[in-house]
Amino acid sequence: MKTVLLIGLGRFGYHAAVKLNELDHQVMAIDDDEKMVDRALPYVTNALIGDSTDEDFMRSLGVEDYDLCLVAIGNNFQSSLETTSLLKELGAKLVVSRAATDTQAKFLARNGADHVIYPEKQLADWTAMRYTSDHMFDYFELTQDYAIVEAAIPQNWRGKTIGQIDIRKKYGINVLAIKKNDSINMNLTTETAFDGSERILVLGTFKDVRKCFKMN
């Protein structure tokens with residue numbers, strides 16, 4: 001369990017609060033809109049109405065004591081930027097800030113954000129990858145080059161083992177797990193065989209993955 005200071009309770013911040021609650025983290029939520037605060041109350045440990053750019057108000061929260069400060073402000077970039085900078089000045093351990101554009105991401109990083117999240121871009125990338133590839137069911141980007149992909153078993157792999165296919169040497173990708181009937185098997189060996197009904201989770205460069213699974 002971690003302590004989280006969540007700043008901004010718009011759509012993104014609200015959903016973050018719900019998920020953090022599911023994960024049993026302690027969340028202090030801040031927003032300058034009373035309605036937003038009231039909506040989030042069932043999912044947070046505590047919530048306050050306040051201005052996150054006010055140094056005295058933020059100092060009173062003891063931001064240095066939180067494991068994570070998540071700046072989820074979405075409709076006022078100036079406020080997001082000032083809040084991010086102020087958090088670092090007050091000794092916050094880890095500041096993660098939300099950006100809506102590439103330019104915002106650069107400014108947030110320069111002004112103290114330890115990490116910048118760009119949900120609209122990340123979701124757009126996932127949607128483009130997922131729904132334009134005939135054999136891909138899920139996609140998680142780790143870096144600009146590497147991704148974890150859930151894909152269908154190629155026709156010519158059916159009835160063969162991982163060792164027979166020599167996946168890592170031939171295709172340059174690592175098999176992480178096999179998914180079948182909503183269950184995941186991670187205990188794989190070179191003798192693990194495919195019957196064609198499974199889905200496979202692999203790690204590699206997206207270029208190698210696309211080539212291996214002939215993704216359009």
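This tour moves through the structure stop by stop, stating what to select and what is found there.

The model is predicted, so to speak of local features a pLDDT of at least 70 is required, side-chain atom pairs count only at pLDDT 80 or more, and totals for chains, interfaces and linings use all residues. Residues are numbered from 1 along each chain as its sequence is written, and side-chain values use heavy atoms, with hydrogens and water left out.

**Stop 1: the parallel sheet**

Select strands β1 to β6. Strands here are DSSP runs of E with at least two residues, helices are runs of H or I with at least four, and both are numbered from the N terminus. Two strands pair if DSSP finds at least two bridges between them. The six strands form an open sheet with parallel pairing, in the order β3-β2-β1-β4-β5-β6. At its edges stand β3 (46-49) and β6 (115-117); each has a single partner strand, so one side of each is left without a neighbour in the sheet. From one strand to the next the twist averages 15 degrees.

Next, select β1 (residues 3-7) and β4 (residues 68-71), which run parallel and are joined by 4 bridges. Within this pair, V4 stands opposite L68 of β4.

**Stop 2**

Axes are lines fitted to C-alpha atoms, for helices over the stretch in contact (heavy atoms within 4.5 Å); angles run from 0 to 180 degrees between N-to-C directions.

Proceed to D24, in the loop between α1 and β2. The phi angle of D24 is near 65 degrees, a positive value in a residue other than glycine. With 56% relative accessibility, D24 counts as exposed. The classes are buried for under 20% relative accessible area, exposed for over 50% and partly exposed in between, with a 1.4 Å probe and protein chains only.

**Stop 3**

Select L81 in helix α4 (residues 77-89). L81 is buried, with a relative accessible area of 14%. Not counting residues up to four places away in sequence, L81 touches F107, L108 and N111.

Then display F107 with R110: the charged end of R110 sits over the ring of F107, 5.9 Å from its centre. This description requires NZ of Lys or CZ of Arg within 6 Å of the ring centre and within 35 degrees of the ring normal. For another such arrangement, select R39, which lies over the face of Y14 at 4.1 Å from the ring centre.

**Stop 4: the antiparallel strands**

Select β7 (residues 136-141) and β8 (residues 146-152), which pair in the antiparallel sense over 5 bridges. They form a hairpin with 4 residues between them. Y139 has V149 of β8 as its bridge partner.

**Stop 5: the largest nonpolar core**

A nonpolar core is a set of buried Ala, Val, Leu, Ile, Met, Phe, Trp, Tyr and Cys residues joined through side-chain atoms within 4.5 Å. The largest has 20 residues, and those touching the most other members are V149, W157, I167, I173, F194, I200 and F213. At least two residues each come from β7, β8, α7 (162-165), α8 (167-171), β11 and α9 (206-213). Helix α9 gives the most, with 4 residues.

Centre the view on F213. Leaving aside neighbours within four places in sequence, F213 is in contact with H135, A151, A152, P154, W157, I173, I200 and V202. A second, separate core has 17 residues, including L5, C69, L87 and L90.

**Stop 6: the aromatic cluster**

Finally, select W157, Y171 and F194, which ring pairs link into a cluster. Rings of Phe, Tyr and Trp (its six-membered ring) pair if their centres lie within 6.5 Å; planes under 30 degrees apart count as stacked, over 60 as edge-to-face and the rest as tilted. The whole structure holds 3 aromatic pairs. One of them is W157 with Y171, a tilted pair at 5.8 Å centre to centre and 50 degrees between the planes. W157 lies in the loop between β8 and α7, and Y171 in helix α8, 14 residues apart. Both W157 and Y171 are buried.
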